[in-house]
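Welcome! Take a moment to look over the sequence and the structure below, and then we can walk through them together.

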Amino acid sequence: QGCKNLKHVDLVEGAVLRDTIKAFLLEEWKNDTGREMLAINQILPTTLEGDDYYAVFLCAGGKALVIRMWISSVLGKIVRYKAEH
């Protein structure tokens, strides 16, 4: 079934990321990054898994793309806010 049943992401180093976010100086930064961290589990259930056999089999369809974009977004926010820290 490929990624069809993928509905949420459990972070391996979630505690480290949460500690990093807690260390931000501004509450706005904490809230923004926290919302971004939670967003993936609201997006995944309604995201299509892919549109062809190979994309679904390799988990390279819509869900994988959304996860990659989400990771980039979260990391981008963390890097930006740490640089401004």
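## Two helices side by side

In this predicted model, helix α2 (residues 27-43) and helix α4 (residues 62-84) have axes that come within 10 Å and cross at roughly 175°. Axes here are lines fitted to C-alpha atoms, for helices over the stretch in contact, and angles run from 0 to 180 degrees between N-to-C directions. α2 and α4 are therefore roughly antiparallel to each other; that label is for angles over 145 degrees, while under 35 counts as roughly parallel, 65 to 115 as roughly perpendicular and the rest as oblique.

Which residues meet here? From α2 come W29, D32, T33, E36, M37, I40 and I43, and they meet V66, I67, W70, S73, V74, K77, I78, R80, Y81 and E84 in α4. Sorted by class, this contact of α2 with α4 has 10 nonpolar, two polar and five charged residues. Contact means heavy atoms within 4.5 Å. Ala, Val, Leu, Ile, Met, Phe, Trp, Tyr, Cys and Pro count as nonpolar, Asp, Glu, Lys and Arg as charged, and the others, Gly among them, as polar.

(Buried means under 20% relative accessible area, exposed over 50%, and partly exposed in between, using a 1.4 Å probe and protein chains only.) Leaving out residues up to four places away in sequence, K77 touches D32, T33 and E36.

T33 sits in helix α2 and counts as buried, at 0% relative accessibility. With residues up to four places away in sequence again not counted, T33 touches I21, F24, K77, I78 and Y81. M69, in helix α4, counts as exposed at 52% relative accessibility. M69 and I40 are 29 residues apart in sequence, and their C-alpha atoms are 9.8 Å apart in space.

## Another helix pair

Now for α1 (14-22). α1 and α2 pack at an angle of about 155°, with their axes 9 Å apart. They are therefore roughly antiparallel to each other. L17, I21 and K22 of α1 make the contact with K30, T33 and M37 of α2. By class, there are three nonpolar, one polar and two charged residues in it.

## The largest pocket

How much space lies in the largest pocket? The answer is about 180 Å³. A pocket is an open set of points on a 1 Å grid over the protein atoms alone, with protein on both sides within 12 Å along at least five of seven lines, and lining residues have an atom within 4 Å of a point.

The lining consists of V9, L11, G14, R18, I21, G34, M37, L38, I40, N41 and W70. α2 gives the most to this lining, with five residues. By class, the lining has seven nonpolar, three polar and one charged residues.

## The whole protein

Stepping back, the protein has four helices and zero strands. Helices (H or I, at least four residues) and strands (E, at least two) are DSSP runs, numbered from the N terminus. Buried residues make up 29% of the 85 residues. Among contacts between residues at least 6 apart in sequence, 65% join residues at least 24 apart.

## How to read the values

Residues are numbered from 1 along each chain as its sequence is written, and side-chain values use heavy atoms, with hydrogens and water left out. As the model is predicted, local features need pLDDT of at least 70 and side-chain atom pairs count only at pLDDT 80 or more, while totals for chains, interfaces and linings use all residues.

Conventions. 1 Å grid on protein atoms, 1.4 Å probe; cavity = no way out; pocket = protein on both sides within 12 Å on 5 of 7 lines; lining within 4 Å. Points joined across faces, edges and corners; volume = space filled by probe spheres on them.
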